[in-house]
Amino acid sequence: MISLIGQTIDIITNPIIILIFIVLTFILTGLGGFIYNLVSKKTGGVEIKLENDKNDNKSINKINYFKPSSVGLNLAIALIIPYTIIHLIISFLFFPVSYINSILVIIGGFIGIFIIMSISTIFYNLIAKLNPILVELESD
């Protein structure tokens, strides 16, 4: 047990591993954004409901509602690729690889991301009734 704790501390405090995780964060975030842009063209993107609010001669809109299924599906599809890459890196480096287990983890990750994003969107929709996000839309 003490050896496992020591190994974990060595991994966490190793500057090379910290640098690798920082680089992977930027790469995987960019990959997730790129995949989201591809997916949103096919699925129609995240659907929102705006309400006009005229203040000081500016066109300010309130984001009142996000469609939970569109947010959940688009983000689950976009985030499953980076999630899979991280899972494979961690499993190859630290654990014995079981292909069936990896497939189950990836499917579970997709379902989990979909559920968490959908529930988060439902909570936002409840909170938006009290304090919605204000955006100013400009035409190009």
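**Reading helix and surface**

Guide: Asn125 lies in helix H4. Helices are DSSP runs of H or I of at least four residues, numbered from the N terminus. The model is a predicted one, in which local features need pLDDT of at least 70, side-chain atom pairs count only at pLDDT 80 or more, and totals for chains, interfaces and linings use all residues. Residues are numbered from 1 along each chain as its sequence is written, and side-chain values use heavy atoms, with hydrogens and water left out.

Visitor: Is Asn125 buried or exposed?

Guide: Buried means under 20% relative accessible area, exposed over 50%, and partly exposed in between, with a 1.4 Å probe and protein chains only. Asn125 counts as buried because its relative accessibility is 8%.

Visitor: Which residues is Asn125 in contact with, leaving aside its neighbours within four places in sequence?

Guide: Contact means heavy atoms within 4.5 Å. On that basis, with neighbours within four places in sequence left aside, Asn125 is in contact with Asn64, Tyr65, Phe66 and Pro68. Phe66 is 59 residues from Asn125 along the chain, yet their C-alpha atoms are separated by 6.6 Å.

Visitor: What other residues of H4 are buried?

Guide: The buried residues of H4 include Ser102, Gly109, Ile113 and Tyr124. Ser102 is buried, with a relative accessible area of 8%. Beyond its neighbours within four places in sequence, Ser102 is in contact with His87 and Leu88.

Visitor: How many residues does H4 have, and what should they span?

Guide: The expected span of a helix is 1.5 Å times one less than its number of residues. For the 30 residues of H4 this should be 44 Å, and the end C-alpha atoms are 43 Å apart, which agrees.

Visitor: Which residues form a nonpolar patch on the surface?

Guide: Patches are made of residues with over 30% relative accessible area and no salt bridge; nonpolar side chains (Val, Leu, Ile, Met, Phe, Trp, Tyr) are joined within 5 Å, like charges within 9 Å. A salt bridge is a side-chain nitrogen of Lys or Arg within 4 Å of a carboxyl oxygen of Asp or Glu. Accessible areas come from the Shrake-Rupley method. Here Ile103, Ile107, Ile111, Ile115, Ile119, Ile122, Phe123, Leu126 and Ile127 form such a patch, with about 850 Å² of accessible area together. Ile127, placed in H4 (residues 99-128), is exposed at a relative accessible area of 51%.

Terms used
Accessible areas come from the Shrake-Rupley method with a 1.4 Å probe; for residues, only the protein chains shown count as cover. Helices (H or I, at least four residues) and strands (E, at least two) are DSSP runs, numbered from the N terminus.
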